[in-house]
Amino acid sequence: MKHFASQDWADLARGLVKSEPAETMKNHASACRDCAEELAVWSQVTKMGGRERGYEPPSGVVRIVKTAIIGTAPVRGTSRIREFAQLVFDSFRQAQVEGARSAMPGPRQLLYRAGAIVIDMRLEERPGSDRSSLLGQVFSSENNDEGMNEVPVHLLSGRDEVAKTQTNLFGEFHLEYDKAKDLQVSLAVSDTKDVFIPLDESIWRTPLGN
């Protein structure tokens, strides 16, 4: 079964695909659970992307920001821009289907933006284990949503490095790690710019009332 790229689903959600290929993609999504979930993500992003999010950040996020600023000071003679990505979609903020019940949260889909850089991430805990996995894709909206290759990706706990990797040809990356406090993802998106994504302790809290 042929799958479609993330940018194709983004274009479909934004109404940029012509009627005939759009119908083909919708038929595919009706038979493919993964693609249906991705289409749902981009549909929500289309609705929510223009909204500003004003909120009081959790104390854990404040600690992460301070650590990132202090703990990643540039080497003398160099200058790097540090930017914190903005959350534009979180699957845990979506209303649960009526009548559905779950003993534990499933995978969490997160979408961040830092200027032209877009980071799509999927967080998942392993049942009965302290191990978690982080899958993601980094791409640029200025370059036809093309995946960014060989971007260094670091998972940090405070100032300590928990895991590291780099993106492949399609901008994809995968990390396995043990649970830790004050986690943040650092992506060296260029020779002069790092993008940070805080993942505070509340990342796996299940919404109340479910």
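Visitor: Which side chain meets E125 in a salt bridge?
Guide: This is a predicted model, where local features need pLDDT of at least 70, side-chain atom pairs count only at pLDDT 80 or more, and totals for chains, interfaces and linings use all residues. A salt bridge is a side-chain nitrogen of Lys or Arg within 4 Å of a carboxyl oxygen of Asp or Glu. At 3.3 Å, N to O, the partner of E125 is K179.

Visitor: Where does K179 lie?
Guide: The pair links distant parts of the chain, 54 residues apart. E125 is in strand β4 (residues 117-125), a strand being a DSSP run of E of at least two residues, numbered from the N terminus. K179 is in the loop between β9 (172-178) and β10 (183-188).

Visitor: Is E125 buried or exposed?
Guide: Buried means under 20% relative accessible area, exposed over 50%, and partly exposed in between (1.4 Å probe, protein chains only). K179, at 47%, counts as partly exposed. E125 has 18% relative accessibility, so E125 counts as buried.

Visitor: Which residue forms a salt bridge with E83?
Guide: Residues are numbered from 1 along each chain as its sequence is written, and side-chain values use heavy atoms, with hydrogens and water left out. The closest N and O atoms are 2.7 Å apart, and the partner of E83 is K193.

Visitor: What is the relative accessible area of K193?
Guide: E83 is partly exposed at 24%. K193 is buried, and its relative accessible area is 19%.

Visitor: How many salt bridges are there by this rule?
Guide: D90 and R108 also meet in one, at 2.5 Å, N to O. By this rule, the count of salt bridges is 4.

Methods. Helices (H or I, at least four residues) and strands (E, at least two) are DSSP runs, numbered from the N terminus.
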